[in-house]
Amino acid sequence: MGVYIFTPEDLVRYGSATEEELEVLKNAILSKKDILVVGSSRSGKTKLVEALMHYIPDNWKVAVITAYGEFKPFKPNIVVIDTQFDSQPLERRTSDVISRIKALNPDYVVIDTIHTIDVSRVFRELIDDYAFIVTSLALTSDIKDEVRHWLRISGETFDKFDIVVELRRDFRTGRKSINRIYEVKNGELRLVI
């Protein structure tokens with residue numbers, strides 16, 4: 001049995017996103033905006049990113065940084081750089097990932113909530129050169145502070161993101177959906193939808 005990859009249409013069908021929300025995100029992707037997807041554990045961050053990757057043109061290269069085989073390359077233009085805790089020091093693993101990204105020279109870099117490399121270093125070295133889609137935990141309503149904590153990034157690095165997608169999970173029903181979409185402007189989150 002294979003793994004099913006959600007499409008944008010699936011997100012609308014199951015009430016996880018509206019067509020209007022997806023149009024905002026599609027335009028952001030096609031403009032190569034830096035996108036941050038945040039939410040609690042099991043809120044649908046990876047599923048949303050998989051669905052959004054359907055909007056990335058087939059002639060664009062995508063590097064997906066993940067851990068322990070969590071992300072499946074479901075399109076030929078996706079290259080997965082899988083990481084894991086091993087005998088190498090953190091800085092060495094991080095250097096290897098940065099080198100592989102540079103060698104691939106992708107149009108987008110996707111980082112799916114990982115702690116096996118120094119994500120803040122990846123951003124410091126590459127965020128001005130590549131478009132990013134990144135997932136992060138956010139367990140309180142202070143999104144900026146949560147992302148800074150979980151990804152260990154500075155406020156200056158956070159402010160380089162263009163779009164923040166906040167997900168929510170209804171713990172009574174299990175329903176996962178987009179709660180809000182923000183633009184990052186002058187260090188502030190401004191509601192888009």
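How many aromatic pairs does the structure hold? The structure holds 6 aromatic pairs, where rings of Phe, Tyr and Trp (its six-membered ring) pair if their centres lie within 6.5 Å, planes under 30 degrees apart counting as stacked, over 60 as edge-to-face and the rest as tilted. The model is predicted: local features need pLDDT of at least 70, side-chain atom pairs count only at pLDDT 80 or more, and totals for chains, interfaces and linings use all residues. Residues are numbered from 1 along each chain as its sequence is written, and side-chain values use heavy atoms, with hydrogens and water left out.

Helices (H or I, at least four residues) and strands (E, at least two) are DSSP runs, numbered from the N terminus, and two strands pair if DSSP finds at least two bridges between them. Strands β4 (residues 108–111) and β5 (residues 131–137) are parallel and share 4 bridges; Tyr 108 has Ala 131 of β5 as its bridge partner.

Helix α3 (residues 45–52) is largely enclosed by the rest of the structure, because 6 of its 8 residues are buried. Buried means under 20% relative accessible area, exposed over 50%, and partly exposed in between (1.4 Å probe, protein chains only). Among the buried residues of α3 are Lys 45 and Leu 48.

Leu 167, found in strand β6, is in contact with both Lys 45 and Leu 48, among others. Leu 167 is itself buried, with a relative accessible area of 8%.

Phe 71 and Phe 74 form a tilted pair, 6.5 Å centre to centre with 35 degrees between the planes. Phe 71 is buried at 2% relative accessible area, whereas Phe 74 counts as partly exposed at 23%. Tyr 4, Phe 6 and Tyr 14 form one aromatic cluster.

Methods: Contact means heavy atoms within 4.5 Å. Lists of a residue's contacts leave out its neighbours within four places in sequence.
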